[in-house]
Each structure stands twice: as structure tokens, then as C-alpha cells.
Amino acid sequence: MDRAKAEMWMREALDEARRAEAEGEVPVGAVLLINEKIVGRGHNHSIRAHDPSSHAEILALRHAAHNMRNYRLPGSVLVVTIEPCVMCTGAMIHARVEEVIYGAPDPKGGALDSHFHLGDADPLNHKIEVISGILEEECSALLREFFEARR
């Protein structure tokens with residue numbers, strides 16, 4: 001995907017992140033695309049749902065799987081404001097997400113580039129193409145400002 005399109009879709013993910021923030025959640029948002037159309041959306045919902053698995057990526061995957069009537073999402077692109085964690089990356093591998101585009105790295109828990117490189121790990125049966133740094137400063141600032149306001 002070219003950078004202009006990636007930025008356009010990242011703005012959609014940022015809208016989702018702002019919804020999370022408005023609900024008192026950590027501002028992370030995601031959209032899932034198939035054939036350049038949004039088929040799934042999600043934003044963090046763990047606090048309100050009392051559910052540690054309610055990350056933006058998981059909710060976007062669930063929404064897309066429901067809409068597509070299939071737990072496999074071949075050819076899909078997940079756009080998310082922060083580098084996905086191990087749990088979310090595992091779900092993406094199981095769903096057969098083809099590509100992940102993310103904004104800000106997660107130096108504490110990122111599972112695609114920062115620590116584990118699960119998107120292309122040899123023992124796994126599915127590989128994920130990764131594009132990082134799309135609207136990175138805007139994605140980082142949203143998270144940074146959220147946490148600074150709570151300190």
C-alpha cells in the first residue's frame with residue numbers, strides 16, 4: 001500500500017483511538033480492510049468491558065470476521081495506531097491477516113518489530129507483512145498526552 005493511502009486509513013484508526021479516549025480507555029484504534037474497504041473497526045475497550053482481550057485489534061478482527069462470516073480474513077490489512085502486542089499478533093496470525101500497518105512502536109510490548117518479530121517468525125505457518133511509522137508522531141502524541149494527563 002502506498003504511503004498516502006496508508007495515512008488515509010491511519011486517520012480512520014486515529015478516529016477510533018479518540019473514541020477510546022473519550023470513553024476513558026487507552027487511546028488505541030484499529031480498522032481492518034479487505035479490498036480497500038473497512039470491514040472491521042475497533043478501539044480499546046478493556047476497562048469498561050472488564051476484559052483484558054478487548055484490545056482495538058481484537059475487536060476489529062471480531063467485527064470483520066462477523067461481517068465477512070469467516071474467522072479467516074485472507075488478503076486483509078489491519079491498520080492500528082500502535083504496534084500490536086503478542087496476544088493481538090497471535091490473533092492476526094490465526095485470522096491470516098496479510099499486512100499490518102501501525103503508527104507508533106511499542107517499546108515495552110510490541111510483538112512485530114520491538115521485541116518478538118512474530119509476523120515473520122520461522123516456526124509459524126503464516127507471515128505478516130509489516131509497515132511501521134505511519135503518522136507515528138500523531139499516534140505517539142495521542143498516547144503520551146493520555147498518560148501524562150493521568151500522572
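Predicted model: local features only at pLDDT ≥ 70, side-chain atom pairs only at ≥ 80, totals over all residues.
The buried residues of helix α1 are covered by several elements, among them the strands β1 (29-34), β2 (37-43), β3 (77-82) and β4 (99-104), together with helix α5 (136-150).

Helix α1 runs over residues 3-22. Its 20 residues reach 28 Å from the first C-alpha to the last, close to the 28 Å expected at 1.5 Å a residue. Buried here means under 20% relative accessible area. By that criterion the buried residues of α1 are Ala6, Trp9, Met10, Ala13, Leu14, Glu16, Ala17 and Ala20. These residues lie on the same side of α1, because they cover an arc of only 165° around the axis. The face turned away from that buried side carries the exposed residues Ala4 and Ala22.

Ala4 also takes part in a contact at the start of the helix. There, a side-chain oxygen of Asp2 comes to within 3.1 Å of the backbone nitrogen of Ala4. After α1 comes Gly24, with a positive phi near 85°.

Five strands make up an open sheet with mixed pairing, in the order β2-β1-β3-β4-β5. Its edge strands are β2 and β5 (129-131), each of which pairs on one side only. On average, neighbouring strands of this sheet are turned by 20° against each other, with direction ignored.

Both senses of pairing can be followed in particular strand pairs. β1 and β2 are antiparallel and are joined over six bridges. In this pair, Ile34 stands opposite Lys37 in β2. The two strands form a hairpin with two residues between them, and Asn35 in the turn has a positive phi of about 55°. β3 and β4, in contrast, pair in the parallel sense over five bridges. Here Val80 stands opposite Tyr102 in β4.

A further helix, α3 (residues 56-68), packs on the sheet. It touches β1, β2 and β3, and its direction makes about 140° with that of β2.

Key:
Residues numbered from 1 in each chain as written. Heavy atoms only, no water. Helix = DSSP H or I, 4+ residues; strand = E, 2+ residues; numbered from the N terminus. Expected span 1.5 Å × (residues − 1). Buried < 20%, exposed > 50% of the residue type's maximum accessible area, 1.4 Å probe, protein only. Arc of directions from axis to C-beta. Contact = heavy atoms within 4.5 Å. Polar contact = N/O pair within 3.5 Å; in protein donor to acceptor, adjacent residues only side chain to side chain. Pairing = 2+ DSSP bridges. Axes fitted to C-alpha atoms, helices over the stretch in contact; angles between N-to-C directions.
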